Amino acid sequence: MDFKDNLAHFLSQSDGVGQTLFALLAAMSIASWYFIIVKAWQGFRMRRRSAKFLKTFWDAASLDEIARYLNQHAPNEPFAYLTWHAITAAQHHAIHGAQRLHEAGSAADFLTRSMRRAIDEETARLEWGLTALASIASTAPFVGLFGTVLGVYHALLGIGQGGAATLDQIAGPVGEALIMTGLGLAVAIPAVLAYNACARANRLVLARLDAYAHDLFSFLTTGASMGAQPAAMPTAAVVPGGV
C-alpha cells in the first residue's frame with residue numbers, strides 16, 4: 001500500500017476525534033502556506049519599492065522635492081511612509097506650533113514622536129502573519145502526535161479484541177497511526193522555516209529604517225528647506241509590500 005492508501009485506510013478506521021485532528025492539520029497547512037506565499041510576495045514588492053524610493057530620495061535636490069514626489073505617489077513601503085509622516089510633522093509644527101497636548105514640546109520632540117509612531121506602525125505591519133506561523137509551528141507536531149496516540153490506541157484495541165496477535169497484525173495499524181506524526185511535522189517544518197526567514201528579514205528592514213530615520217531627522221532639524229504647505233495624505237492604502 002502506498003502513502004495515500006495507508007492514509008485513506010487510517011482515516012476510515014479513525015473515529016470523529018481522529019478525523020477532526022486530520023482536518024485541523026489540513027487547515028493549519030493551508031493557513032501556513034497562505035501566509036508563506038503572501039509574506040514572500042509582500043517582501044519582494046517591498047524591497048523593490050523601497051530601493052526605488054531610496055534612490056529617488058538620495059538623488060533629490062531638497063526635501064521639498066521629496067514632499068512633492070510623495071504628494072504625487074502614495075507611500076506604499078516603509079521608507080516612504082516614514083518620510084511622509086516626518087515631513088508632514090515638521091511642516092505642521094512649523095505652521096501651527098504646540099496648540100494641543102500631543103503637539104507639546106519643541107519641534108524636535110514632536111518630530112521624534114511622529115517618527116517613532118510611524119516606525120511602530122510599520123513594525124506592526126511587518127509582523128502581520130508571524131503570530132499565526134509561530135502558533136502553527138509550535139502546535140502542529142503535538143496535534144499530529146495526539147492523532148498518533150489515538151490511532152495506536154484504536155489499533156491495539158482492535159487487535160486485542162481479535163485475540164492473539166502477530167507482529168504483522170500489529171505493524172500495519174500502528175504504522176498507519178504514525179502517519180499523523182509525519183503530517184504534523186510536515187505542517188510545522190515549513191512554518192518554522194518561514195517564521196525564521198520573515199523574522200530575520202524584518203530585523204534587517206527595521207535596522208535600515210532606524211538608520212534612515214536618524215538621517216531624515218538630521219535633515220529636518222538642521223534647517224533643510226521645508227517651506228511647502230503640507231498636503232493631505234494620499235488616499236492609497238499604505239501597507240508594506242503594497243498588499
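Which helix holds Phe142? Phe142 is found in helix 6, where helices are DSSP runs of H or I with at least four residues, numbered from the N terminus.

The model is predicted, so local features need pLDDT of at least 70 and side-chain atom pairs count only at pLDDT 80 or more, while totals for chains, interfaces and linings use all residues. Residues are numbered from 1 along each chain as its sequence is written, and side-chain values use heavy atoms, leaving out hydrogens and water.

View 1. Leaving aside residues up to four places away in sequence, Thr148 touches Ala177, Leu178, Met180 and Thr181, a contact being heavy atoms within 4.5 Å.

View 2. The largest pocket holds about 370 Å³ of space, a volume being the space filled by probe spheres set on grid points joined across faces, edges and corners. A pocket is an open set of points on a 1 Å grid over the protein atoms alone, where a 1.4 Å probe fits, with protein on both sides within 12 Å along at least five of seven lines; lining residues have an atom within 4 Å of a point. The lining has 21 residues, of which Gly43, Met46, Arg47, Ala201 and Asn202 lie nearest the centre. Helix 2 gives the most to this lining, with ten residues.

Note on methods. Helices (H or I, at least four residues) and strands (E, at least two) are DSSP runs, numbered from the N terminus.
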